[in-house]
Amino acid sequence: MTENTSTDESHDDTTTDAAPLDQPTDAAPDEPTVTPYTVAGEVDYDRLRERFGADALTDAQVARFPDHPMLRRRVFYAGRDVDRYLDAAERGATHSIVTGVGPSGPMHLGHVLVFYLAKRFQEATGAHVYIPLSDDEKFYAKDLSFDEIAAATRSNLRDLLAVGFDPERTTVVVDRLDAGVLYPQAARFAAGITQSTVDATYGDPENVGLSFYPAMQATHLLLPQLVHGPHPTLVPVAVDQDPHVRVCRDVAAKERFEVTKPGALLGKFLPALDGPGKMSSSDDAPAIELTDDPDTVRGKVMQYAHSGGRVDIEEHREHGGDPAVDVAYQYLHSFFESDDERVADIAAQYRAGELLSGELKEMAAERVTDFLAAHQDRRATLGDLETELEPYRLSEGERERLRPEVL
């Protein structure tokens with residue numbers, strides 16, 4: 001690939017200058033929509049990267065990260081201030097990862113892969129990992145009760161703990177549970193975010209909760225620095241979440257806050273089983289949930305995974321299939337087959353017609369099932385959630401530093 005040697009310093013990522021992310025009224029009918037709340041259509045990732053003002057990852061940068069297929073294969077393909085983070089990691093200086101989830105239902109494959117990437121970084125370089133759960137945002141954005149969101153939060157927490165993070169270097173916060181320390185910081189940052197910035201970045205928010213939420217999200221992304229002091233922080237997220245990072249970087253640039261801009265590592269979506277777009281539990285095709293048993297996984301993949309094969313076996317043998325649009329292959333390529341030579345061989349066999357679509361689906365279902373079996377085994381060994389979560393909570397000393405001095 002062509003090396004891109006530009007750095008983030010050459011970009012003005014001020015959010016008020018960015019294109020609004022709600023769908024333009026004069027857009028072509030097939031124009032994709034990519035916002036933190038809606039992803040629809042076929043996404044042109046290079047075009048989206050240019051629109052958001054991020055930099056393509058270079059070969060040199062990828063080589064400096066801990067080895068991982070999602071980086072080697074450019075599933076995570078763009079970023080901001082990546083070199084600052086890598087420099088700190090290589091020096092053994094303080095460096096942090098922030099990546100979270102909005103609890104609205106069971107976690108699925110599209111949610112969890114970034115957490116396994118964060119675990120890899122932590123294992124290799126000793127990164128601090130901060131995991132915020134935005135239960136307030138989901139109440140503002142979805143037709144769910146707080147009881148429903150609380151149930152989803154408990155389930156999501158078990159899956160996050162099952163990933164296997166180091167509790168001494170991992171902090172989990174839940175917005176409503178930790179409001180006493182998060183809200184005072186969000187209140188400070190809210191004064192640095194104008195309504196015009198919110199409107200330009202997200203479109204017209206449906207309620208005042210969504211108008212305020214960027215201040216809470218900025219608190220999430222700056223929390224490692226609020227606890228440990230200014231240091232390089234990297235936010236690995238799917239590209240639709242980049243607007244949150246851009247708003248936070250705008251806030252962090254203001255001189256009254258003793259923090260530095262968080263960096264970003266932007267990823268492509270794990271596709272929905274039925275094709276383009278990110279995996280979502282609200283799609284027509286079901287998402288593969290982390291609690292699915294092997295028969296359920298196989299059934300979903302065999303029935304719903306979009307095929308790049310031909311209409312019949314004879315035509316497929318003669319003309320071959322297209323791995324670029326085949327969802328089963330994309331799952332193997334994105335994460336579930338770690339051997340690069342094996343991935344290339346699978347693609348070659350499929351294009352040559354030697355590997356049939358059904359065989360490729362069986363292969364993907366088996367790999368996903370193996371991954372889920374290990375995850376579910378770790379999940380099953382967890383005891384009482386409050387007890388298991390305690391080592392990952394903010395310490396009392398950290399809470400004291402974050403609380404306002406009122407009395």
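This is a predicted model: local features need pLDDT of at least 70, side-chain atom pairs count only at pLDDT 80 or more; totals for chains, interfaces and linings use all residues.
Residues are numbered from 1 along each chain as its sequence is written, and side-chain values use heavy atoms, without hydrogens and water.

**Stop 1: the sheet**

Show the strands (DSSP runs of E, at least two residues, numbered from the N terminus, as are helices, runs of H or I with at least four). Seven of them form an open sheet with mixed pairing, in the order E3-E4-E9-E8-E5-E6-E7. Two strands count as paired if DSSP finds at least two bridges between them. At the edges you find E3 (55-56) and E7 (170-174), each pairing on one side only.

**Stop 2: strand E7**

Select residues 170-174. Five of the five residues of E7 are buried, so this strand is largely enclosed by the rest of the structure. Buried means under 20% relative accessible area, exposed over 50% and partly exposed in between, with a 1.4 Å probe and protein chains only. Thr-170, Val-172 and Val-174 point one way, and Thr-171 and Val-173 the other way. Look for Tyr-130, opposite Thr-171.

**Stop 3: strands E4 and E9**

Select residues 76-80 and 263-267: these are E4 and E9, antiparallel and joined by four bridges. Arg-80 has Ala-264 in E9 as its bridge partner.

**Stop 4**

Which ring pairs with Tyr-77? Select Tyr-45: the two rings are edge-to-face, 5.7 Å centre to centre with 75° between the planes. Rings of Phe, Tyr and Trp (its six-membered ring) pair if their centres lie within 6.5 Å; planes under 30 degrees apart are stacked, over 60 edge-to-face, and the rest tilted. Tyr-45 is in helix H1 (residues 45-52) and Tyr-77 in strand E4, 32 residues apart. Both Tyr-45 and Tyr-77 are buried.

**Stop 4: an aromatic cluster**

Finish with Tyr-116, Tyr-331, Phe-335, Phe-336 and Phe-371, which form one aromatic cluster. Within this group, Phe-335 and Phe-336 are both buried.
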